[in-house]
Amino acid sequence: MKKNARKAINLLLCVVALISLLCACGKDGANDSKPEPTSAVRYVIPDVRGVYYSDAITMVEDGLEAAGFKDYEVRYCWSWENYDPAMNARILYSNPSAGTEIVDNGQHVFIELVAGEQAPELTPQPKKLVVFFSVTGNTKKVAEMIAEIEEADLYEIVPAEAYTAEDINYNDYNCRALKEQGDTSARPAIGSETIDLSGYSVIYLGYPIWAASEPRILDTFVESYDFGEARIIPFCTSGSSGIGSTATRLRMLAESGDWQSGKRFPGNATKEDVETWIDNMK
Ligand SMILES: Cc1cc2nc3c(=O)[nH]c(=O)nc-3n(C[C@H](O)[C@H](O)[C@H](O)COP(=O)(O)O)c2cc1C
């Protein structure tokens, strides 16, 4: 008799547990259902693959402005696929291809970002910098081409004391440049503002070849900075000499950075030459 009563109680408890479970599932199901956007305005950005967030957001913002929206707030998350509920508290859909919600004066405006079958996770683009030293302009031209192709920032190593034509007249063994080159401990001072390298993960480093070596002011530069783990890509211009061991020497002096093998360009290098080199590195 007692046994039967216990069985009946257990059965009852099971039924109660089952009913609670069903109720809970029902609630979750309700949350999963997609509420209709409350606004009539719906923006569709065709394909976000390869588009930076800022670009996508700018497109959205341009659209909103054109539609006459004022005080709006754009909420977005770092990956199109992974929402951070804390950042996107008011997301309307839990659709993996939908990326951004815009809240306009408290009204929901739904933005659909069509990301294709499987949108690749967007990673922050590496920030790039082109550092160069140039006296007669050849290295500067190559540096500017790299910066344009790579959408990189430019930083010029400007000597505290400018090199005059006399200083670089290598027909004169006693010219300033050749005297410096003959003294591996020479460290000509840099006159340009220091640069904050944090945040740059790729740094191109360009210089002319002087007496088969890097100008000593490059030694000053690499010894003045901590490159951390940034990828350092040396390049040079010259009359005919190769980059030789200049990059190896700079790497040794720098004691930081992930140094790549360098590339020599002639003084009249074209944009195609530079593009081919960059493409081959990828
Ligand atoms: C002092 C000095 C020394 C040079 N030594 C060499 C050299 O050893 N080998 C070489 O091929 N070119 C040499 N050059 C030529 C430069 O490397 C070449 O003109 C370079 O493109 C100049 O770069 P810039 O215009 O950016 O200053 C030398 C130029 C100067 C001013």
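The largest share of the shell around the ligand, three residues, is supplied by α3. This is a predicted model, in which local features need pLDDT of at least 70 and side-chain atom pairs count only at pLDDT 80 or more, while totals for chains, interfaces and linings use all residues. Residues are numbered from 1 along each chain as its sequence is written.

The shell contains 22 residues, of which Ser 134, Thr 136, Asn 138, Thr 139 and Pro 208 come nearest to the ligand; a residue is near a molecule if its C-beta atom, placed from the backbone, lies within 6 Å of it. Two or more residues of the shell are given by each of α3, α4 (176-181) and β8, where helices (H or I, at least four residues) and strands (E, at least two) are DSSP runs numbered from the N terminus.

Helix α3 itself covers residues 138-150, and its 13 residues reach 19 Å from the first C-alpha to the last, close to the 18 Å expected at 1.5 Å a residue (the expected span is 1.5 Å times one less than the number of residues). Its buried residues are Asn 138, Thr 139, Lys 141, Val 142, Ala 143, Met 145 and Ile 146; a residue is buried if 20 or more other C-beta atoms lie within 10 Å of its own, exposed if 12 or fewer, and partly exposed in between, with C-beta atoms placed from the backbone. Among the elements that cover these buried residues are β5 (127-132), β6 (153-156), β7 (200-208), β8 (231-238), β10 (263-266) and α7 (271-281). After the helix comes Glu 151, whose phi is positive, near 50 degrees.

In soluble globular proteins, nonpolar side chains tend to be buried together. Here the largest nonpolar core has 36 residues, and those with the most contacts inside it are Val 130, Val 131, Ile 146, Ile 203 and Tyr 204; such a core is a set of buried Ala, Val, Leu, Ile, Met, Phe, Trp, Tyr and Cys residues joined through C-beta atoms within 7 Å. At least two residues of this core come from each of β5, α3, β7, α5 (216-224), β8 and α6 (246-254), and β7 gives the most, with five. Leaving aside neighbours within four places in sequence, Val 130 is in contact (C-beta atoms, placed from the backbone, within 7 Å) with Ala 143, Ile 146, Ala 147, Ala 152, Leu 154, Tyr 204 and Gly 206.

Two loops also deserve a look. Most residues other than glycine have a negative phi. Ala 211, in the loop between β7 and α5, has a positive phi near 50 degrees and is partly exposed, with 14 other C-beta atoms within 10 Å. Glu 255, in the loop between α6 and β9 (258-259), has a positive phi near 60 degrees and is exposed, with 10 other C-beta atoms within 10 Å.

The mean pLDDT (the predictor's confidence in each residue, from 0 to 100) is 73, and 56% of the residues reach 70 or more. Over residues 12-56 the pLDDT is below 50, and over residues 71-122 it stays under 50. Where pLDDT is low, the predicted coordinates should not be read in detail.

Conventions. Contact = placed C-beta atoms within 7 Å.
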